[in-house]
Structures are given as C-alpha cells and as structure tokens.
Amino acid sequence: MAVMKSITIVGGGLAGLTLGIGLRQRGVPAALWEAGHYPRHRVCGEFISGRGQETLARLGLRDLLKRAGAVGADTAAFFSETKSTPTRALPSSALCLSRFTLDAALAKNFSELGGELSEGRRFAENFGEGIVRATGRRGQAKENGTRWFGLKAHASNVPLTADLEMHISPRGYVGLCRVNGGRVNVCGLFHRRAGESVGPQNRRELLRGPTGSPLHQRLASAEFDENSFCAVAGLSLRPYRAVAHVDCCIGDAITMIPPVTGNGMSIAFESAELAIEPLVAWSRGEISWAETQPRIARHCDAAFARRLTWAKWLQRFVLTPSLQNVLVRFAAHSDWFWRMAFEKTR
Ligand SMILES: Cc1cc2nc3c(=O)[nH]c(=O)nc-3n(C[C@H](O)[C@H](O)[C@H](O)COP(=O)(O)OP(=O)(O)OC[C@H]3O[C@@H](n4cnc5c(N)ncnc54)[C@H](O)[C@@H]3O)c2cc1C
C-alpha cells in the first residue's frame, strides 16, 4: 500500500482537533499546530446545539464529552430588560461543557490516537497543499462603524429558571447555562460605544447587566471565578462563503455564525467531519489538492448557507433595541415562531 501523505492542521480549537481526531481514526498522519496551550478558558457560550452532536456521536466523541462532565440542557427562556418568555422546552437537547475541559479532552484524544500536537507554536508560513486552516474567527476592528467584543466568566451561586437563559439589552446579550463542576457560564456579546474603554471593572458590570434587569437579579449573589474571566475583541458578524477562501478552511476560519444561535461549535464539528473524506482521498493520492480544497468548501457551503442566512436576520432582530421587546413577546406567545427560529438556525 502507498504511503499516506501527512496533513498539517493549523489551529487546535474545536474544528482543528475534531478533524485531527477523524483523520487519525482513519490512519492518516496528522500534525496540529496550536498557538496557545491546554487547558485554557475561551470566550464561548459553551452551549453545544445542533447537528454537530451527531458528528460527535459518529466520531465516538459524544461519550468522551459525557465522561468529561457535559451537562444536558432541555429548556430555555428569553429576557429583555422588561419582558420575559416562559420557560420552554428546546426543540432538541443541547450539551454544555466548559471549553477549558472540552478543548483539553479533545487534544488528549488526538495525541492518544498518534496525532502530532505542537502547543505554543504559531504557524506563520504560507498555506498550501496539505495544510488546513482551522485558525478560528478572522478579526475585524469595526463592522459598519460598530466594534463587537465578547466576555465570559464562570460563576457559582446563580439560580437559573431554565437550562439556557438569554438576556438581551441595548448593549448586546448575555447567555447563562450550567456547565460541568456545578458552575454557570456567563457569556455575552456587546458593542462598544465610540470613545468607551472597556476595562476589567466595566467588563464585570456588563456581564452583570443593568441594575434592576432580570440578569442583574439573577447574578446578585454570583461568585465569579476570577481565573475564568476572558475577553475577545474585533469580532466580525458578517457571513462568508467557504468557496470564497483560497485556503482549505474549516470552522470559524470559514465564517462565524452569529453567537446568539449557539451553533458555532456545531459548525466547527460538522465542517471538520465534512473535510475528513476528501482529505483521506488526498492523503492516499486518489485526488489532487486542486480538487480537495474546493470539494470541502462546496460541502461546507451546502451544509451551512441556509442557517447562516437565517442567523444573520435573527441576530439583527436581537441586536436592534427597538425590536427586542417585540422579539421576546413573539417568542413568549408563539410556539411556532420559537421553534422556527431555533430550527432554521441549526
Ligand atoms: C461571545 C461568543 C459566544 C459564543 N457562544 C457560543 C455557544 O454558546 N455555542 C456555540 O456553539 N458557539 C458559540 N460561539 C462560537 C464558538 O466559540 C466558535 O464557533 C468555535 O469556537 C469555533 O471553533 P474553531 O475551532 O473554528 O475556532 P477556535 O475555537 O477559535 O480555535 C482556533 C484556534 O486556532 C489557534 N490559532 C489561530 N491562529 C493560529 C496560528 N497562526 N497558528 C497556530 N494556531 C493558531 C487559536 O489559538 C485557537 O486555539 C460563541 C462565540 C462568541 C464570540
């Protein structure tokens, strides 16, 4: 049998690690470069929802997540500063696990399968044949004049009325869900006002929400884990198509679905799975790189185009202050609207 060619994966987030695991399960030599180290906290709602769970099951990783302490989520409730929906059943269950635990568990699995993992190593060469870009979202300082940034921290002593609580306000939104270790992940997306500096104190205030809001009440007795605080700026909320990229991209390196959907991790898992078979064929010498890269891009666009379009509109609705109460009222009274918004964005 001919020697299989090695694949280099740049970026050891969820997309890169899942691809690495899938390739190693099929005997393909794989080397992964990760600029950071494991374990580490990341800005993420830590709410895994959508078809990516089926990917995890097919790759035998769902059990790994369960063993790592993933918590099931079956209900959700939405809040504006003055209105709320009743607690509703999610049309399909989600899993919640801290990225601190999740990324480290996948990295360990990749190494155990014989993958070559280099931590603390930033790839600065040209992308080309046999190299996959899984480097995450592309930074963008401003989008239509607005600067977006994300914050997250784990807290204990937070009583929740639903497994997922989404709190929306004119500044953005904050999601709360239970994760492993009995903690609650508090994660938000916000826009920065012109001239505003967002220091550590403002970050805590933003995550706690405006005084008197349901979010502020929920976090009244919260004890934050200082080590889990993290922030990310320069978020781009504009959708891109995979075929528009020259490199072979997976996960957020293709595009970042609006975080409000809680579907970004799912896309990372799904896109990694879609890339496996073309990359195996390339590794075996059955197809050229010129065929491999566009084949993966087409698979990804076919899988994600529809949900990205719906997500763009949902996000616009959620982030427009004058529409926030309307949205919560709709979600409170219309089961059809609630299910449709959920299903179309995953
Ligand atoms: C505020 C917010 C809330 C979110 N909430 C949710 C949620 O609840 N549910 C959900 O499903 N999704 C959520 N997401 C989205 C989710 O976090 C991402 O979609 C997911 O992390 C994408 O995985 P990835 O592997 O593509 O990228 P990442 O997880 O970002 O990983 C990319 C990796 O590449 C490494 N890297 C980058 N450049 C290089 C280089 N040159 N060399 C080596 N390594 C490099 C980085 O260090 C990083 O580890 C949220 C996002 C934000 C911003």
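Analyst: The part to look at is helix α8, whose buried residues pack against β9 (164-169), β10 (172-178), β14, α7, α9 (321-333) and α10 (335-344). The model is predicted: local features need pLDDT of at least 70 and side-chain atom pairs count only at pLDDT 80 or more, while totals for chains, interfaces and linings use all residues. Residues are numbered from 1 along each chain as its sequence is written.

Some terms are needed here. Helices (H or I, at least four residues) and strands (E, at least two) are DSSP runs, numbered from the N terminus. Packing rests on contacts, that is, C-beta atoms, placed from the backbone, within 7 Å of each other. A residue is buried if 20 or more other C-beta atoms lie within 10 Å of its own, exposed if 12 or fewer, and partly exposed in between, again with C-beta atoms placed from the backbone.

Helix α8 covers residues 289-319 and bends by about 45° at Phe-304. The bend is the angle between axes fitted to the seven residues ending at a residue and the seven starting there. Phe-304 is also one of the buried residues of α8, which include Ile-296, Cys-300, Arg-307, Leu-308 and Ala-311. An α-helix has 3.6 residues a turn, so residues three or four places apart point the same way.

Now take β9, one of the strands that α8 packs against. In β9, 6 of the 6 residues are buried, so this strand is largely enclosed by the rest of the structure. Leu-164, Met-166 and Ile-168 point one way from β9, while Glu-165, His-167 and Ser-169 point the other way. In a regular strand the side chains alternate between the two faces of the sheet.

Strand β9 has partners, where pairing calls for at least two DSSP bridges between two strands. With β10 it pairs in the antiparallel sense over 6 bridges, and the two form a hairpin with 2 residues between them. Within that pairing, Met-166 has Gly-175 of β10 as its bridge partner. Strand β4 (residues 71-79) pairs with β9 in the parallel sense over 4 bridges, and Ala-77 stands opposite Glu-165 there.

Asn-157 sits in the loop between β8 (147-156) and β9, and its phi is near 65°, a positive value in a residue other than glycine. Most residues other than glycine have a negative phi, and most peptide bonds are trans. Asn-157 counts as partly exposed because 13 other C-beta atoms lie within 10 Å.

In total, 39 residues surround the ligand, and Gly-264 is among the closest.

Methods
A residue is near a molecule or strand if its C-beta atom, placed from the backbone, lies within 6 Å of it. Two residues are in contact if their C-beta atoms, placed from the backbone, lie within 7 Å.
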